[in-house]
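Hi,

Here is the structure I promised to send over. Have a look at it first, and my notes follow below.

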Amino acid sequence: MKKLEIEAVKENLNDVLSFVVSALEEAGCSQADLFKIKLCTEEIFINVASYAYYPETGPATIILDVSGGPVVVMLRFIDKGVPFDPLSKPDPVRNRPLREAKKGGMGIFITKTYMDEVSYDRKDGQNILTMKKAVVIG
Amino acid sequence: MTITKTQEGAKLTVAIDGELNTNTAPELEKEFETCLEGITDLVIDAEKMNYISSSGLRALFGAAQIMAEQGKMTVINACDDVKDIFNITGFVDILTVI
């Protein structure tokens, strides 16, 4: 299990992506799965950076675990910001993507589509978003 | 990310090299604010665009909105991963992706 503690600001996106990508490369994750998990990481981290502590900033913890056979990647995003369940938003309506994109719901929709499992929990004053995906190795 | 523009009359080709993400999308949006005047045929060459997030989609659709008024917009040479994002988000129904 790997852990990254970082200030939840957009400027740290590259560090967050490097953390995730290097761990997945180390695990031998296929390029197609790596692409999808990297994308979902960006969407969730930017969500936290944009809304959790607005207009202030605050910390985020990212936990990554690769385990099992078939191999499953688990990513958990934890922040201490205002309670916010991104999964409570309705999915965008197809054929109206432009409007939805401006509303910002598209990133969550992409994440729910690409990951096998996405869940939200509010515990001890923390937002905890966990996502899992079975990946192909090699 | 590197943006290369090639104009032939009212046709503008914008080639994107690298990742179109939250940090780089504003640069593309800024380009679109100034380079689309008088353009009726906008081509996005995505051959070297190896990644796009929802921020990148928003930048492309800002341009699509403008081009819907004044001409057409086409995305060419996108890799399968990027095309898949256009598909699942339904953007493929709005954009011409070839």
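The contact between the chains in this predicted model takes 19 residues from chain A and 17 residues from chain B. On the chain A side, the elements that give two or more residues are helix H2 (31-51), helix H3 (97-103) and helix H4 (106-114). H2(A) provides the largest share, six residues.

The axes of H2(A) and H4(A) come within 9 Å and cross at roughly 145°, and the crossing is left-handed. From H2(A), the residues involved are Lys36(A), Leu39(A), Cys40(A), Glu43(A), Ile44(A), Ile46(A) and Asn47(A). They meet Gly107(A), Ile108(A), Ile110(A), Thr111(A) and Tyr114(A) in H4(A). That contact divides into seven nonpolar, three polar and two charged residues.

Over in chain B, helix H1 (residues 25-35) is worth a look too. Which of its residues are buried? Ala25(B), Leu28(B) and Phe32(B) are. These three lie on the same side of H1(B) because they cover an arc of only 60° around the axis. On the other side of H1(B), Pro26(B), Lys30(B), Glu33(B) and Thr34(B) are exposed. As for what covers the buried residues, the list includes strand S1 (2-8), strand S2 (11-20) and helix H2 (54-70) of chain B.

Cheers

Conventions
Residues are numbered from 1 along each chain as its sequence is written. Chains are lettered from A and ligands numbered from 1 in the order in which they are written. This is a predicted model: local features need pLDDT of at least 70, side-chain atom pairs count only at pLDDT 80 or more; totals for chains, interfaces and linings use all residues. Two residues are in contact if their C-beta atoms, placed from the backbone, lie within 7 Å. Helices (H or I, at least four residues) and strands (E, at least two) are DSSP runs, numbered from the N terminus. Axes are lines fitted to C-alpha atoms, for helices over the stretch in contact, and angles run from 0 to 180 degrees between N-to-C directions. A crossing is left-handed if the near helix is turned anticlockwise from the far one by less than a right angle, and right-handed if clockwise. Ala, Val, Leu, Ile, Met, Phe, Trp, Tyr, Cys and Pro count as nonpolar, Asp, Glu, Lys and Arg as charged, and the others, Gly among them, as polar. A residue is buried if 20 or more other C-beta atoms lie within 10 Å of its own, exposed if 12 or fewer, and partly exposed in between; C-beta atoms are placed from the backbone. The arc is that of the directions from the helix axis to the C-beta atoms.
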